[in-house]
Amino acid sequence: MGILGIGSGKNQAKIGLDIGSRYIKVSQIAYGSSGIQIANIGFAATPLGSVTEGVINNSEAIGEALAQIVDYYDFKEKKVVCSLPGRSVVIRQVTLPAGLSDKELKVAAIGEVERFLPFPLDEMEYDYEVLGEIQQGDVKQTSVLFIAAHREAVQRRVEAAHHAGLESVEVDLDPFVILRSVVESAMYEDQDTFTQTFLLLDMGASSTNVSILKNGILRFTRIFSVGGDTLTHAIESGTGASYLDAEKLKKELAVAYEDEDFIQLDAEAKEIHEMIKPHLDTLALEIRRSLAYYISKYRGETVTKILLTGGGSLLKGMAKFFEEDLGVPAVHANPFRNVMHVGNMEMEQLQKLVPFMSVAVGLALRQVPAKILGRHSLRVSIEPNYEFGSTTQATGLSAGE
């Protein structure tokens with residue numbers, strides 16, 4: 001089944017590597033009697049055009065940028081675990097007869113999923129995990145989570161690591177990795193974590209992951225093709241500015257929420273708001289629809305808190321925008337919250353990286369032994385009836401392939 005995997009990795013990769021459309025993030029975790037620590041962090045812009053919608057177009061360019069990060073931040077370890085965005089992966093829950101052997105489960109799961117794959121099975125890396133038994137009438141069934149990604153999409157990440165002189169030992173999946181750093185690690189001291197229902201919004205450059213967890217159990221994930229770059233392109237189109245200038249305008253002038261301070265904004269800021277507002281409204285509508293579906297499926301249950309992460313969540317007023325639109329308190333998640341910092345980076349600089357580092361930190365946490373991790377984290381499980389969906393799921397490698 002190749003190197004694609006979910007859950008805790010068997011290989012002890014020391015470094016978590018997150019290759020995003022806008023930034024490359026690297027994290028190294030250490031552990032001991034004093035707890036889990038951040039040993040090192042690296043961060044740099046992704047070479048322009050080398051990643052499109054989460055898909056690597058130029059492994060060599062990524063590898064060169066990664067080599068510079070490794071050298072500049074003085075990373076000594078060589079083994080890394082990296083991650084694929086959810087929209088690059090086929091994830092399906094299938095129900096199979098109880099009592100099957102491992103071999104029979106594998107064959108049956110492939111039979112259930114193969115017709116949904118965008119490529120032939122022999123071109124895919126795939127894996128599966130048994131979620132547990134479910135009762136369907138008088139019959140017990142086994143719930144299996146099946147994941148698959150095109151082999152070339154996986155290999156491009158491996159190649160990028162190799163170009164930097166690193167060894168990629170496994171590839172994980174963003175939607176599950178984020179849970180490890182944002183919920184399991186960051187919120188383990190919060191007494192309410194396993195009594196609340198969280199709506200986790202991870203807003204990246206090219207898409208937004210939406211997950212719902214109740215009492216520490218992941219029930220639902222949707223991925224929408226609206227991200228930070230969507231807003232940048234809207235400003236680029238509306239002003240005629242270059243992409244980089246539009247990105248700068250977004251960071252300096254754009255706001256997500258119209259409140260009493262909005263009236264004081266100058267004309268240019270208000271014009272930029274009007275350019276991005278339709279896309280924010282589209283994303284909010286999709287999230288409301290997802291929440292309405294969840295409420296109908298689970299007989300009126302609703303969300304009690306929104307957790308925001310990802311670079312796209314940095315837009316001014318984003319938390320307030322979702323809080324008012326959904327009527328639920330919203331806060332920015334912090335993957336560093338319960339992890340001691342012992343590296344060379346200044347705390348002020350580290351705090352600026354908080355929204356970007358959820359995946360890299362989550363990947364690095366894989367290598368912490370369970371007996372230590374259990375003292376410093378919670379454990380999120382996946383519901384046997386878990387649902388995953390994406391508006392642009394695993395349809396290809398890149399526009400230019």
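Residues are numbered from 1 along each chain as its sequence is written, and side-chain values use heavy atoms, with hydrogens and water left out. Because the model is predicted, local features need pLDDT of at least 70 and side-chain atom pairs count only at pLDDT 80 or more, whereas totals for chains, interfaces and linings use all residues.

Helices (H or I, at least four residues) and strands (E, at least two) are DSSP runs, numbered from the N terminus. Two strands are taken to pair if DSSP finds at least two bridges between them. Strand 9 (residues 139-150) pairs with two other strands described here. It runs antiparallel to strand 7 (residues 90-97), to which eight bridges join it; within this pairing, Val-94 has Val-144 of strand 9 as its bridge partner. Strand 8 and strand 9 are also antiparallel and are joined by 12 bridges, with Ile-134 standing opposite Gln-141 of strand 9. The hairpin of strand 8 and strand 9 has two residues between the strands, and Gly-137 takes a positive phi near 70 degrees there. Strand 9 is mostly covered, 10 of its 12 residues being buried, where buried means under 20% relative accessible area, exposed over 50% and partly exposed in between (1.4 Å probe, protein chains only).

Strand 13 (residues 217-224) is likewise mostly covered, and seven of its eight residues are buried. Its antiparallel pairing with strand 12 (residues 208-214) comprises seven bridges, and Thr-208 has Phe-224 of strand 13 as its bridge partner. In the hairpin of strand 12 and strand 13, which has two residues between the strands, the positive phi of Asn-215 is near 50 degrees. Strand 13 pairs in the parallel sense with strand 17 (residues 381-390) over six bridges; here Phe-220 has Glu-387 of strand 17 as its bridge partner.

Nonpolar cores were also identified, each being a set of buried Ala, Val, Leu, Ile, Met, Phe, Trp, Tyr and Cys residues joined through side-chain atoms within 4.5 Å. The largest nonpolar core has 73 residues, of which Ile-91 and Tyr-386 touch the most other members. Helix 4 (residues 174-185) contributes the largest share of this core, six residues. A second, separate core has 34 residues, including Leu-201, Met-203, Leu-231 and Ile-235.

Rings of Phe, Tyr and Trp (its six-membered ring) pair if their centres lie within 6.5 Å; planes under 30 degrees apart count as stacked, over 60 as edge-to-face and the rest as tilted. The count by this rule is nine aromatic pairs. The ring centres of Phe-43 and Phe-356 are 5.4 Å apart and the planes stand at 65 degrees, so this pair is edge-to-face. Phe-43 lies in strand 3 (residues 35-45) and Phe-356 in the loop between helix 9 (347-352) and helix 10, so the pair ties together parts that are 313 residues apart in sequence. Phe-43 and Phe-356 are both buried. The pair of Phe-321 and Phe-322 is also edge-to-face, with centres 5.2 Å apart and planes at 75 degrees; Phe-321 and Phe-322 are both buried. Tyr-23 forms one aromatic cluster with Phe-43 and Phe-356.

A charge sits over a ring if NZ of Lys or CZ of Arg is within 6 Å of the ring centre and within 35 degrees of the ring normal. The charged end of Arg-22 sits over the ring of Tyr-23, 5.3 Å from its centre, and that of Arg-219 sits over the ring of Tyr-298, 3.9 Å from its centre.

The structure holds 19 salt bridges, each a side-chain nitrogen of Lys or Arg within 4 Å of a carboxyl oxygen of Asp or Glu. In the salt bridge of Arg-366 with Glu-170, the closest N and O atoms are 2.4 Å apart. Arg-366 lies in the loop between helix 10 (358-364) and helix 11 (370-376) and Glu-170 in strand 10 (residues 167-173), so the pair ties together parts that are 196 residues apart in sequence. Both count as buried, Arg-366 at 7% relative accessibility and Glu-170 at 15%. A network of salt bridges links Glu-170, Asp-172, Arg-180 and Arg-366. In the salt bridge of Asp-74 with Lys-76, the closest N and O atoms are 2.9 Å apart; Asp-74 is partly exposed at 45% relative accessible area, and Lys-76 is exposed at 61%.
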